[in-house]
Amino acid sequence: MADKASIDKHRWWKEAVVYQIYPASFLSTGTGSKPGWGDLRGITSKVDYLKDLGVDVLWLSPIYKSPQADMGYDIADYKDIDPLYGSLQDVDELIGELKKRNMKLMMDLVVNHTSEEHAWFKESRSSKNSSKRDWYMWKPAKYDKDGNREPPNNWSQILGEANSAWTWDEGSQEYYLSLFTPEQPDLNWENPAVREAVHDVLRFWLDRGVAGFRMDVINLISKVPSLPDAPVKAPDNKYQPGFKFYANGPRLHEYLKEIREKALSHYDTITVGEMPFVRDEDEIIKVVGEDRGELNMIFLFALVDIDDERGTFRMTLRDWKPSEIKQILTGHQRLMAERDGWNTLFVENHDNPRAVSRYCDDGDKYREISSRLLSLMETTLSGTLYVYQGLELGMRNVPPKWEPEEYKDIETINYWAKYEQLMNKMYPGDREKLAFARKVMQRKARDHARTPVQWSAEENAGFCKSGVKPWMRVNDDYKTVNAEAQQKTRQEGAGLSPLQFWKRGLANRKQHKNVFVYGDYQLLNDDDSPIFAYKRSSKDEAFVVVLNFSGEDQDFTIPDQVGVNKWVTTTYNSSPSQANRGKITLQPWEGLLGTVKV
């Protein structure tokens, strides 16, 4: 595959390391309105930690004023900060401190929907004759043959598949579309006034010094106007996943180009779109192609959807093979290089479980080795790298012994309620029938990424003051898995902690950006083995990466044409000992980095 990297296509946002912060769970200084809740000053206090790690851009999940029905993704005021986190002055202070360190701030833009508490929606629901009635998607009820009221179509709610995506409004006697929760009504982007209001929000934050936006479910802003029934994919459910008709709708690209023209083009911005349910390569390139004038990049979800039952719901489990990791990521690498687009690199975020638990082995024996394996992969592939808080520490899922009541996320709560109701109806009193639902929660719940960051072995993991109860329970392993312990120099032979390994990997990525960010990618083993091996190269230097995504020893034969000069890194606590030619053996979850001939 030809190396398409050239100096005129180098951009700061391609080389940036973006660190995602989930503000409620990052660090609480007690300056917000709720004890035990993360706040903006907590983030500002850790800017030096993030700079030292190698971070260039901080992306904050929503901090806007919100009733918190969905942890801030239900926004009541786009131009104000929720008192839970602080104030606009605190944002200005954070931007200032980042600027001093040549760092930037990226905000979360949530404009597919608002909160039901937003002034726009309050006005919209006040009357069918309201001037803002068509700012949202209202429809009259349908009625079945017995006269029972039914929603306008059979779409299921994204965060509660047992529920309709439509909410009945008693006051105005119509349904409104609410794809995520009843508290999050969908905006009607067909209305030009809605679009202009959104452009105004972007300009407000860009003028304040924000560098860009992560755009929440941005491909849902255009729906098929007729809003037809979805095909039946889940026969046991009354309501069905309707993404065929609300994802990548007919006017999406028009809307994205308009955002670029009316707002973004006047600033030097970083933009990344969250675009679930999209796998078609042509559709992807329409958004991120160099000449498209839409977004810099989008999150591709094939990797984080790897264990979902295809075409159904996220809270499902599918058996998958480790070889799928290399197939997915190779597809992404080739797509962007061959079609002049740009890629994102991420293995976890606030909507997914912990990567070390999902793709590797999070047991005490292999957790750190697995964390280093993920770091080695992420820091050596092409694309803008996104590190979610705690990934650099190898934080893992909560243990199976946690009771369902410990989970806080609305999606998990809805999922558990559905299965409790179903099992109590079919198998009354038989709690064992709920074991599978418990398993899904322990493997897939969004809650795993939302436990407080583990800063130290002190009470509450140093997340909040002693004697204060955190909004969500801290993972039980915080006394051994925490940043303070991983920052300390280890005894000889103990190797680098996950935090130290990530720091070294990010520095290495920046030092060799022409290879790891812009260079050519070549898969070295297109087979069904759990070994993921690839070569990265520029015109001046080249590296080979070999990753063992299994808990057993695995053999790999170095291709004759590769020619390893020297193995320079292993994910184990020793120097690499493998041969430079022929067959080598990798230990469980071992990764190797070597220099090779160009």
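Contact here means heavy atoms within 4.5 Å. The exercises below use that meaning throughout, and the model they examine is predicted.

**Exercise 1. Surroundings of Gly38**

Task: State where Gly38 is found, whether Gly38 is buried or exposed, and which residues are in contact with Gly38.

Solution. 
- Step 1. Gly38 is found in the loop that runs between strand E1 (17-21) and helix H2 (40-45).
- Step 2. Apply the accessibility cut-off. Buried means under 20% relative accessible area. Gly38 has 0% relative accessibility and therefore counts as buried.
- Step 3. List the contacts, leaving aside neighbours within four places in sequence. Gly38 is in contact with Pro23, Ala24, Leu27, Ser28, Leu84, Tyr85 and Phe463.
- Step 4. Gly38 and Gln454 are 416 residues apart along the chain, and their C-alpha atoms are separated by 13 Å.

**Exercise 2. The whole chain**

Task: Decide whether the radius of gyration of the protein chain agrees with that of a compact globule, or disagrees. Then describe the burial and contacts of the protein chain.

Solution. 
- Step 1. A compact globule of 598 residues would have a radius of gyration near 25 Å.
- Step 2. Compare. The protein chain has 24 Å, which agrees.
- Step 3. The C-alpha trace spans about 75 × 60 × 50 Å along its principal axes.
- Step 4. Buried residues are 62% of the 598. The accessible surface is about 23,400 Å², and carbon and sulfur atoms hold 47% of that surface.
- Step 5. Count the secondary structure. The protein chain has 17 helices and 24 strands.

**Exercise 3. Packing of H13 and H14**

Task: Determine how H13 and H14 are oriented to each other, and which residues meet where they pack.

Solution. 
- Step 1. Read the geometry. Helix H13 (residues 410-426) and helix H14 (residues 435-444) pack at an angle of about 170 degrees, and their axes are 10 Å apart.
- Step 2. Apply the cut-off. Angles over 145 degrees count as roughly antiparallel. H13 and H14 are therefore roughly antiparallel to each other.
- Step 3. Name the residues. From H13 come Thr412, Tyr415, Trp416 and Tyr419, and they meet Ala437, Arg438, Val440 and Met441 of H14.
- Step 4. Sort these residues. Six are nonpolar, one is polar and one is charged.
- Step 5. Recall the helix repeat. An α-helix has 3.6 residues a turn, so residues three or four places apart point the same way.
- Step 6. Turn to burial in H14. Ala437, Val440, Met441, Gln442 and Lys444 are buried. The buried residues of H14 pack against helix H11 (355-358) as well as H13.

**Exercise 4. Asp528 and Leu252**

Task: Say whether Asp528 is buried or exposed, whether Leu252 is buried or exposed, and what each touches.

Solution. 
- Step 1. Asp528 lies in the loop between strand E18 (520-523) and strand E19 (531-537). Its relative accessible area is 55%, and exposed means over 50%, so Asp528 is exposed.
- Step 2. Beyond neighbours within four places in sequence, Asp528 is in contact with Lys321, Ser323 and Gln327.
- Step 3. Leu252 is in helix H8 (residues 252-262). Leu252 is buried, with a relative accessible area of 0%.
- Step 4. Not counting residues up to four places away in sequence, Leu252 touches Ile218, Asn219, Ile221, Ser222 and Met275.

Methods: Residues numbered from 1 in each chain as written. Predicted model: local features only at pLDDT ≥ 70, side-chain atom pairs only at ≥ 80, totals over all residues. Heavy atoms only, no water. Axes fitted to C-alpha atoms, helices over the stretch in contact; angles between N-to-C directions. Helix = DSSP H or I, 4+ residues; strand = E, 2+ residues; numbered from the N terminus. Parallel < 35°, antiparallel > 145°, perpendicular 65-115°, else oblique. Nonpolar A, V, L, I, M, F, W, Y, C, P; charged D, E, K, R; others polar. Rg over C-alpha atoms; globule rule 2.2 N^0.38 Å. Buried < 20%, exposed > 50% of the residue type's maximum accessible area, 1.4 Å probe, protein only. Areas by Shrake-Rupley, 256 points an atom, 1.4 Å probe, with all protein chains shown as cover.
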